[in-house]
Amino acid sequence: MARLDAYIDLLFKEAGAELVMETGTGAVLRGASGTRPVLRQSLTSAQIVGAFSELVPPDLKAAYPGQGAMKFRYAAPSGDVNVRFEKTGDRISAVVSVAQGKEPRPKAIITPPPAPVPAAADGSHGIAVGAAPTDASAAMERLLELMLEHRASDLHLSSGCDPCLRKDGDVVPLLGFGAPSPDLLREMIWSIAPDKNRQEWDQIKDTDFAHETEAARFRVNVFADRRGIGAVLRVIPNQIRSAEEMGLSQHVLDLCHLAKGLVLVTGPTGSGKSTTLAAMIDYINRTRNDHIITIEDPIEFVHPNKKCLVNQREIRVHTQSFKHALRAALREDPDIVLVGEMRDLETISIALETAETGHLVFGTLHTNTAPSTVDRIIDQFPADRQEQIRTMLSESLKGVITQMLCKKIGGGRVAAQEILLCNGAVSNLIREGKTFQIASIMQTSRGAGMQTMNDALLELVRGKQVLPREALSKAVHKADLKVALERAGFRLDQEA
């Protein structure tokens with residue numbers, strides 16, 4: 001199916017006169033009632049040429065896109081249209097109109113789902129969808145369906161703005177759904193929110209909760225901004241991806257068999273930390289006979305009892321805070337404790353004590369490299385305690401997995417993982433305050449399962465999963481990766 005078919009469908013549905021796309025502007029629909037934008041992002045000439053190349057008949061392919069005007073007819077799923085494509089220098093103007101004397105084809109044969117249009121200059125694009133249901137609850141339900149249908153990770157809702165999806169890392173608007181007013185959006189959000197969260201939002205204008213449907217769970221944050229109420233919903237699949245499916249290395253899985261210690265999964269927001277941690281907890285649940293306690297805000301992946309007994313506690317629902325739940329966990333006979341987020345000094349301190357006293361603790365931090373994770377923990381403490389914390393960390397820290405999500409060639413995303421395993425050499429460097437040397441140990445310990453982020457990104461490029469420029473955009477040490485890519489035969493200026 002052509003990328004423009006969904007927009008041509010709008011031309012028929014709204015009895016429009018013309019669909020117009022021009023270099024430097026978006027796409028507009030002209031009709032008897034006036035002109036309205038159907039794509040607000042500016043389009044480049046190359047993007048318009050690429051989109052219309054799918055409509056050009058075979059006998060005109062050789063002449064496309066030559067200078068001057070070209071006219072042809074295209075049989076879209078919704079009906080026949082006339083296309084006028086004109087190239088003047090570097091500028092493009094394209095007009096699509098309903099072919100006269102042709103009735104729209106029966107609705108039954110319009111089978112394609114809403115399709116993305118060409119990417120805009122900033123890499124974004126829109127998705128054409130039908131208008132929102134008039135009932136607020138039904139409108140919210142439809143947005144969740146669209147989120148899953150398009151395999152988006154997040155749904156962004158803002159008063160007076162088109163709903164947007166985060167798809168393969170890009171934020172894209174749902175065109176045609178309609179921009180909800182503050183009052184309507186409030187009704188939509190409260191149709192899925194618990195009463196206590198409505199009260200919390202009224203008091204402090206922020207609240208978090210989880211919402212569950214038959215298809216998936218959603219982590220929801222509701223906030224207020226200058227336009228009114230807003231929300232972001234992140235999808236949490238009901239099906240936990242297994243460690244084997246994710247391709248976690250044996251060295252990472254070995255961390256799941258430890259009797260005690262601290263294991264951290266780190267990375268920026270939206271890098272897949274929760275998915276990796278869920279896979280590791282699920283692996284433990286399938287291979288050990290132990291007691292697992294998770295402390296989360298809110299509960300994300302739901303773990304049924306398999307070989308382990310699993311208790312999952314949600315902040316502000318089942319316990320007051322991470323630190324209170326961690327203190328209580330020590331009296332609840334756990335073997336494994338998952339701390340959803342190590343936010344403050346006290347939580348980090350209790351997590352270290354828990355790991356020292358014979359428990360295996362998993363946690364997350366928002367750091368971009370494994371060595372910087374060690375520094376972040378130590379720097380949380382006052383100077384007079386840092387030497388003691390270095391000693392505790394050198395004995396308790398067993399591994400750090402740092403993740404970045406990269407756009408995959410052909411769609412989707414793939415994780416690049418930096419892996420630090422705390423052997424004797426790494427422990428000594430932590431104890432002596434020489435964390436700047438950890439990266440060198442990682443480079444010389446590849447055989448022991450360690451991996452730098454640059455090595456992980458290079459392997460994804462070699463495996464034709466990620467483009468070199470995408471890998472470079474995710475690298476922390478960009479100059480080193482650029483040299484490695486060029487040495488491996490990948491030239492950024494010839495990427496296309």
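In this predicted model, V374, I377, I378 and D379 of helix 11 are in contact (heavy atoms within 4.5 Å) with Q386, I389, R390 and L393 of helix 12. Sorted by class, this contact holds five nonpolar, one polar and two charged residues, where Ala, Val, Leu, Ile, Met, Phe, Trp, Tyr, Cys and Pro count as nonpolar, Asp, Glu, Lys and Arg as charged, and the others, Gly among them, as polar. Helices (H or I, at least four residues) and strands (E, at least two) are DSSP runs numbered from the N terminus. The axes of helix 11 (residues 370-379) and helix 12 (residues 383-396) come within 9 Å and cross at roughly 135°, the axes being lines fitted to C-alpha atoms, for helices over the stretch in contact, with angles from 0 to 180 degrees between N-to-C directions. Helix 11 is therefore oblique to helix 12, since angles under 35 degrees count as roughly parallel, over 145 as roughly antiparallel, 65 to 115 as roughly perpendicular and the rest as oblique.

Turning to the strands, seven of them form an open sheet of mixed pairing, in the order 7-10-9-8-13-12-11. Strand 7 (127-128) and strand 11 (206-212) stand at the edges with a single partner strand each, so one side of each has no neighbour in the sheet; two strands pair if DSSP finds at least two bridges between them. Strand 12 (residues 216-225) and strand 13 (residues 228-237) run antiparallel and are joined by ten bridges, and F223 has G230 in strand 13 as its bridge partner.

Residues are numbered from 1 along each chain as its sequence is written. Local features need pLDDT of at least 70 and side-chain atom pairs count only at pLDDT 80 or more, while totals for chains, interfaces and linings use all residues, and side-chain values use heavy atoms, leaving out hydrogens and water.
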